[in-house]
Amino acid sequence: MEVFSVRSSQSLLFKNNPNNAKSSKTSDIQIETRAPAPASFQIEDDVGEGPDFTAVSPGELRNYARQGFDSGLIDQNTYAAISEPLPMHAIDPLGNIVDLSSVTDGTSFNFLDYYQNQLQIAMSIGDSDEVQTLKSIVSFLNT
């Protein structure tokens, strides 16, 4: 039969000893702070002037929408709607057919007018989900 001691270990006695509570070794340690690392992706903070959505390419619009989504300005549904390619043809509020087949990723297009017109059409039809998404898009384009 073995007999074990019920005494505390030496390391616990060391910690509990009031003479050892403050160690001179730890008072000399200093934490150095470094400058923050440069961010590889930044959202432009131009306070006075935003992008001109009356003359922007679909590719640039998607980039702005991605920045807006990443920064929390728009939700996922709005980002998805902006990222969708334009249809080949659309209808304006007067009922005229607009040919959009010539708009490519490198072509400037007036997205602000396009989405405002689509909002008017959706409101006249009464599609509440579409109206909500288009209001969010127009709001984003007006900021």
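This is a predicted model: local features need pLDDT of at least 70, side-chain atom pairs count only at pLDDT 80 or more; totals for chains, interfaces and linings use all residues.
Local features need pLDDT of at least 70 and side-chain atom pairs count only at pLDDT 80 or more, while totals for chains, interfaces and linings use all residues. Residues are numbered from 1 along each chain as its sequence is written, and side-chain values use heavy atoms, leaving out hydrogens and water.

User: Which backbone nitrogen does the side chain of Asp92 reach?
Analyst: Asp92 sits in the loop between strand S1 (89-91) and strand S2 (97-99); strands are DSSP runs of E, at least two residues, numbered from the N terminus. Its side chain comes to 2.7 Å from the backbone nitrogen of Asn96.

User: How far from Asp92 is the nearest side chain of opposite charge?
Analyst: Asp92 is buried (under 20% relative accessible area, 1.4 Å probe, protein chains only). It has no salt bridge, meaning a side-chain nitrogen of Lys or Arg within 4 Å of a carboxyl oxygen of Asp or Glu. The nearest side chain of opposite charge belongs to Lys135, and the distance is 21 Å.

User: How are helices H3 and H4 oriented to each other?
Analyst: H3 spans residues 58-71 and H4 residues 76-83; helices are DSSP runs of H or I, at least four residues. They pack at about 170 degrees, axes 9 Å apart; axes are lines fitted to C-alpha atoms over the stretch in contact, and angles run from 0 to 180 degrees between N-to-C directions. Angles over 145 degrees count as roughly antiparallel. So H3 is, relative to H4, roughly antiparallel.

Conventions: Buried means under 20% relative accessible area, exposed over 50%, partly exposed in between (1.4 Å probe, protein chains only). Lys and Arg count as positive and Asp and Glu as negative; His and the chain ends are not counted. A polar contact is a pair of N or O atoms within 3.5 Å; within protein, one must be able to donate a hydrogen and the other to accept it, and residues adjacent in sequence count only if both atoms are side-chain atoms. Angles under 35 degrees count as roughly parallel, over 145 as roughly antiparallel, 65 to 115 as roughly perpendicular and the rest as oblique.
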